[in-house]
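Q: I'd like to learn how to read a few features off a model like this one. Can we go through them together?

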Amino acid sequence: MKIKTAEISTNLLHLTPFKKNKLTIIYLHGFTCCAEDWKEVSAFINKRFNQVAIDLIGHGKTSSPDNIAYYSAENINRQIFHIIKYLKLNEAILIGYSMGGRAALNFAVSYPGKIKALILEGTSCGIEDPEERKTRIESDSNIARFIEENSIEVFVDRWMNLEIFASQKKLVAEKLKKIREQKLLNSTKGLANSLRGFGTGKMPYLGYDLDRINSPVLLITGKLDKKFTGINSRLVYKLINAKHVIIKDAGHNVHLEKPEEFAGVVNEFLSPL
């Protein structure tokens, strides 16, 4: 099903004043997150870059339509392309976390000429095995039903207590409170449909198409996130021009737990551009 770009509502957050002569970083958030999540880390990024963040479909201040087709990989590509066109950019630097990293990688495979550099945090290229994909789709469908059958508060508390986010318990109470409050601004419909339309099992497996990406790629994982550190230790060899950096004492969401260190790695990686 084809959906026009104009039909997709998009919230664009300018993290720095926009200047035409600068390279532009576009941030893509993870599941249950939003554009606001990048504010802290953006303060540590080199000022020679424009920085903008968007709310992906079903999250933050963007729309949460009923039609699952709006949440597909193809239409998330359209959403990102729309932003690049709106900003009048020839190419952009994409930084994506988790779900946002999958979106960034899928866009880079589809539009390699639009990518100046790619930074992926806690990201995979999808699931290759058909049976594993089926199992993951069923699991995400069950989570989607749970979201719809409960309040946003009940789901967010359950989500934040998953083992993959255990290292975030070390954050100060005020920061954790703010993270929770931002997640509560999402709609249950948007989150449920996001899982159904762009869960890891639903997205295309990209492992055979990664050679389309010629731009430099940085993979970032936290050392405490053993699952994604393992995934990225293999993913780095599937890409033509990539490096993998592991941040000590950090879990799945490095930019949240170690924003200054995350930015330092990004600044070093982008320094040749």
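Predicted model: local features only at pLDDT ≥ 70, side-chain atom pairs only at ≥ 80, totals over all residues.

Q: How many residues does H2 have, and what length does it reach?
A: Helix H2 (residues 73-86) has 14 residues and reaches 20 Å from first C-alpha to last, close to the 20 Å expected at 1.5 Å a residue.

Q: Which residues of H2 are buried?
A: Start with the general idea: an α-helix has 3.6 residues a turn, so residues three or four places apart point the same way. Here the buried ones include Ile76, Ile80, Ile83 and Ile84, with Asn77 and Arg78 also among them. What covers the buried residues includes strands E1, E2, E3 and E4, along with helices H3 and H7.

Q: At what angle do H5 and H6 cross?
A: The axes of H5 (residues 152-160) and H6 (residues 173-183) come within 10 Å and cross at roughly 130°. On the H5 side the contact is made by Ile152, Glu153, Val156, Asp157 and Met160, and on the H6 side by Leu176, Ile179, Arg180 and Lys183. These divide into five nonpolar, no polar and four charged.

Q: Is lysine 61 buried or exposed?
A: Over 50% relative accessible area counts as exposed, and lysine 61 has 65%, so lysine 61 is exposed. Lysine 61 lies in the loop between E3 and H2. Leaving aside neighbours within four places in sequence, lysine 61 is in contact with Asn11, Glu36 and Asp55.

Technical notes: Residues numbered from 1 in each chain as written. Heavy atoms only, no water. Axes fitted to C-alpha atoms, helices over the stretch in contact; angles between N-to-C directions. Helix = DSSP H or I, 4+ residues; strand = E, 2+ residues; numbered from the N terminus. Contact = heavy atoms within 4.5 Å. Nonpolar A, V, L, I, M, F, W, Y, C, P; charged D, E, K, R; others polar. Expected span 1.5 Å × (residues − 1). Buried < 20%, exposed > 50% of the residue type's maximum accessible area, 1.4 Å probe, protein only.
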